[in-house]
Amino acid sequence: MNADDKSPSLIDPLEGFLGYQLRRAAFETMSALLDSYSEFGLTLTEAGVIRFAQANPGCTQAEIGRALGVKRTNLVPIVNGLMSGGLLERTPADGRSHSLYLTAKGVDRHRRIAKAGLEHEQYFFGDLPDKTRKLLMQTFRLLRDKGELLRARETSAASK
């Protein structure tokens, strides 16, 4: 028996936990989105950087990192890779900061991943009533904010 086979008699002790259900749902939806983006040779984070650069021309790498929740050191090779791939370019902004812009190739890639993202969103969430969608959006934002607040408190306590 391999790990993917489920025993029909196996009781799932986590089934009643919201966090467990959220993690499983997030895994399934994000895996499908990753599969879509991988057709364009991109990871989820790379696609996220492209989406942010398109929506915010001239933004900085640090701003995108904060928005995506990616550490600066982890974002550097991602941005460098997108630049090497001809999708993104940097221009000096002020001091050590650089503004990020999509190249023509990047704009085309953005168009394609945006379309794939909308198709993904429609598949997983398109049949939800507006009221449910709004409630889920509000709930997920609240959970995200609570998590970020907890992480900030832990970081602050650890630095003291």
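Helix α6 (residues 130-158) gives three residues to the nonpolar patch, which is the largest share of that patch. Helices here are DSSP runs of H or I of at least four residues, strands are runs of E of at least two, and both are numbered from the N terminus. The model is predicted, so local features need pLDDT of at least 70 and side-chain atom pairs count only at pLDDT 80 or more, while totals for chains, interfaces and linings use all residues. Residues are numbered from 1 along each chain as its sequence is written, and side-chain values use heavy atoms, with hydrogens and water left out.

**The greasy patch**

L22, L136, F140 and L143 make up this nonpolar surface patch, which covers about 310 Å². A patch takes residues with over 30% relative accessible area and no salt bridge; nonpolar side chains (Val, Leu, Ile, Met, Phe, Trp, Tyr) are joined within 5 Å, and like charges within 9 Å. The areas come from the Shrake-Rupley method with a 1.4 Å probe, and for residues only the protein chains shown count as cover. F140 sits in helix α6 and is partly exposed, at 38% relative accessible area. On that scale, buried means under 20%, exposed means over 50%, and partly exposed is in between (1.4 Å probe, protein chains only).

**The core**

Now for the inside. The largest nonpolar core has 21 residues, and L42, V49, L82 and L88 touch the most other members. The elements giving two or more residues to this core are α1 (18-38), α2 (44-55), α4 (72-84), β2 (98-102) and α5 (104-125). A core here is a set of buried Ala, Val, Leu, Ile, Met, Phe, Trp, Tyr and Cys residues joined through side-chain atoms within 4.5 Å.

Take L42: leaving out neighbours within four places in sequence, L42 is in contact with L34, Y37, A47, I50, L82, L87, R109 and I113. Contact means heavy atoms within 4.5 Å.

L88 is found in strand β1 (residues 88-92) and is buried, with a relative accessible area of 4%. With neighbours within four places in sequence set aside, the contacts of L88 are V49, A53, V79, L82, M83, L100, Y101, L102 and T103. The C-alpha atoms of L88 and K105 are 8.4 Å apart, although 17 residues separate the two along the chain.

H110, in helix α5, is buried too, at 14% relative accessibility. Not counting residues up to four places away in sequence, H110 touches I50, R51, Q54 and L102.

**Aromatic rings**

The whole structure holds two aromatic pairs. In the Y123 and F124 pair, the ring centres are 4.9 Å apart and the planes meet at 85°, so this pair is edge-to-face. F124 and F125 form a tilted pair, at 6.2 Å centre to centre and 45° between the planes. Rings of Phe, Tyr and Trp (its six-membered ring) pair if their centres lie within 6.5 Å; planes under 30 degrees apart are stacked, over 60 edge-to-face, and the rest tilted. Y123, F124 and F125 form one aromatic cluster. Y123 is exposed at 65% relative accessibility, whereas F124 is partly exposed at 27% and F125 is partly exposed at 25%.

**Salt bridges**

Side chains of opposite charge can pair when their charged atoms come close. The count here is four salt bridges, each being a side-chain nitrogen of Lys or Arg within 4 Å of a carboxyl oxygen of Asp or Glu. Three of them are below.

| Salt bridge | N to O distance |
|---|---|
| D108 and R112 | 3.8 Å |
| E119 and K115 | 2.7 Å |
| R133 and E121 | 2.8 Å |

R133 lies in helix α6 and E121 in helix α5, so their bridge ties together parts that are 12 residues apart in sequence. Both ends are partly exposed: R133 at 31% relative accessibility and E121 at 29%. Salt bridges with shared partners also join D108, R111 and R112 into one network.

Within helix α5, D108 and R112 are four residues apart, so about one helical turn separates them. E119 and K115 are likewise four residues apart in helix α5, again about one helical turn. D108 is partly exposed at 33% relative accessibility, R112 is partly exposed at 32%, and E119 is partly exposed at 46%.
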